[in-house]
Structure formats: structure tokens, C-alpha cells
Amino acid sequence: MAITYEQGLSFVQGFAAAIAENKDYLTELDSAIGDADHGTNMNRGMQAVLPKLGSLEGADLGQLFKTTAMTLISTVGGASGPLYGTLFLQLGTSIAGQTELSAEGWSQALEAAVQAVRARGKAELGDKTMIDALQPAADALRAAAQDGTSLDAALAACEAAAEQGMVATIPLVARKGRASYLGERSAGHQDPGATSSWLLVRAARQAFTTDT
Ligand code: ADP
Ligand code: MG
């Protein structure tokens with residue numbers, strides 16, 4: 001079962017739609033432990049990405065993700081711009097030249113992308129960042145792909161792990177990013193970046209699922 005270019009496009013567009021829909025929610029989460037701009041930051045970036053996708057006719061999945069990355073890097077201020085830029089850039093590098101992707105290919109690309117975000121932001125699991133949603137998602141996807149689980153079931157497991165990781169950030173004390181300035185006071189709030197990362201993984205599940 002392969003993931004097509006059209007599905008890749010629908011993933012990026014779906015992520016943009018989810019960010020637009022949840023803009024106020026993400027900003028509200030960021031107002032509790034940050035500077036109340038995560039929703040506006042991400043929405044500015046993804047709205048800038050959308051018009052770029054139309055001119056990509058004949059492109060492969062690598063070019064699609066690289067264009068998304070470059071646009072996020074150049075339009076999003078704040079920590080999340082370079083971090084999501086890194087994620088999409090690594091997806092684009094892993095998938096360069098491909099117009100179709102297997103479940104295994106998507107799993108490897110997501111894993112490399114999460115690794116790149118970790119290297120860039122120097123955050124580990126439990127630091128109360130987007131890594132807390134992304135790493136469990138990548139791990140669950142790999143486990144499912146290696147088990148020979150169907151693509152649809154693997155994508156569902158990936159999304160469920162991201163959601164769990166997102167919720168698990170609530171009691172954590174932030175050790176990276178702006179929220180870390182609050183120390184113990186950052187506990188009791190869900191991390192905004194982990195929340196947008198869950199939206200990303202959910203958009204992938206929705207776009208790549210075959211049984212619609
Ligand atoms: P800023 O913190 O600059 O205002 P945003 O509000 O857009 O940027 O994004 C905040 C989110 O970025 C946090 O909720 C967290 O998930 C993520 N983040 C911040 N620093 C890091 C880091 N070093 N590694 C991974 N994610 C991080
Ligand atoms: Mg912020």
C-alpha cells in the first residue's frame with residue numbers, strides 16, 4: 001500500500017487546516033506557559049505554505065516537503081519555525097525524488113525527521129516540548145510497520161501515541177524553550193508545541209489512510 005504525491009499534498013494542506021482551526025487554542029495554551037503566539041506563529045507559516053503548493057506541479061514528495069520547510073523557516077518567528085522547518089526539511093531529504101512512499105518509507109522518514117528536531121532543539125523525551133508527541137508517534141509507527149501491521153492501523157497507532165504524549169506533557173516541568181523560564185510553574189499545563197505536533201501526526205493519518 002503506497003502513499004501518493006496527492007496524499008502528501010493533502011497531508012500538508014490538512015495540517016494547515018488543522019492549525020487554522022486550532023489557532024486560538026494553541027495560542028491559549030502558549031499564553032499559560034509562553035508568550036501567547038504559538039497559534040499565530042504556526043498559522044502564519046502554514047497559510048504562507050498553501051499558495052506555494054499550487055505551483056509545484058510535477059513535483060515529487062521531497063520537493064513538496066522542502067518547499068513547506070523553507071516557507072516555515074522564512075515566515076515563522078519563534079522557536080517553532082526553525083523546528084518545524086527542520087522536521088519538514090528532513091522529511092524532504094529522506095523522501096527526495098520519490099513520488100510514492102511505502103508505510104516503511106514513511107516510518108523511516110518520520111523517525112529521521114524527529115531525530116533532526118531533537119538534534120536542532122536539543123530536547124529529549126520528558127522536556128515538555130513537541131518531542132513528547134513526536135517521538136512516541138515515530139516509535140509507535142516503527143513498531144507497527146515492523147510488525148507488518150496494515151498502513152491504516154500503523155497510522156492510527158502513530159496518532160494515538162502522539163495524543164498520549166501530548167497529554168503526558170501536562171504534569172511535566174519544562175526544561176527547554178520559553179516555558180522552562182517558569183520552572184515548576186510550567187507544570188499543570190499542556191505544551192503548545194506537543195499539541196501542534198499531534199495535529200501534524202493526525203493530519204498524516206487522515207491523509208494517508210486508505211480506508212476513508
Ligand atoms: P516561542 O517559544 O519562541 O514563542 P512558539 O510559541 O511558536 O515559539 O513555540 C513554542 C513551542 O516550541 C513549545 O511549546 C515547545 O513545544 C517548542 N519548543 C521550544 N523550544 C524547543 C526545543 N528546544 N526543542 C523542541 N521543541 C521546542
Ligand atoms: Mg510562543
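Where does ligand 1 sit? Ligand 1 sits in the largest pocket. Before the details, some conventions. This is a predicted model, in which local features need pLDDT of at least 70 and side-chain atom pairs count only at pLDDT 80 or more, while totals for chains, interfaces and linings use all residues. Residues are numbered from 1 along each chain as its sequence is written, chains are lettered from A and ligands numbered from 1 in the order in which they are written, and side-chain values use heavy atoms, with hydrogens and water left out.

A pocket here is an open set of points on a 1 Å grid over the protein atoms alone, with protein on both sides within 12 Å along at least five of seven lines; a cavity is a set where a 1.4 Å probe fits but cannot get out, and lining residues have an atom within 4 Å of a point. To sit in one, a molecule needs more than half of its atoms within 2 Å of the grid points.

The largest pocket has a volume of about 510 Å³, counted as the space filled by probe spheres set on the points. Its lining has 26 residues, and Ala79, Ser80, Leu83, Gly177 and Arg178 are the closest to the centre. Two or more lining residues come from each of α2 (23-33), α3, α5, α6 (103-121) and α9; helices are DSSP runs of H or I, at least four residues, numbered from the N terminus.

Now the ligand. There are 20 residues around ligand 1, with Asn41, Ala79, Ser80, Gly121 and Asp191 coming nearest; a residue counts if one of its heavy atoms lies within 4 Å. In this shell, α9 (192-208) is one of the helices that supply at least two residues, and its three residues are the largest share.

Ser80 has a polar side-chain atom 2.6 Å from an oxygen atom of ligand 1. For Asp30, the distance from a side-chain N or O atom to a ligand oxygen is 3.0 Å, and for Arg178 it is 3.2 Å. On its own, ligand 1 has 560 Å² of accessible area, of which the protein covers 93%, by the Shrake-Rupley method with a 1.4 Å probe.

Last, the cavity. The whole structure has one cavity of 30 Å³ or more. The largest cavity holds about 40 Å³ of space, and its lining includes Trp106, Leu110 and Arg205.

Key
A polar contact is a pair of N or O atoms within 3.5 Å; within protein, one must be able to donate a hydrogen and the other to accept it, and residues adjacent in sequence count only if both atoms are side-chain atoms.
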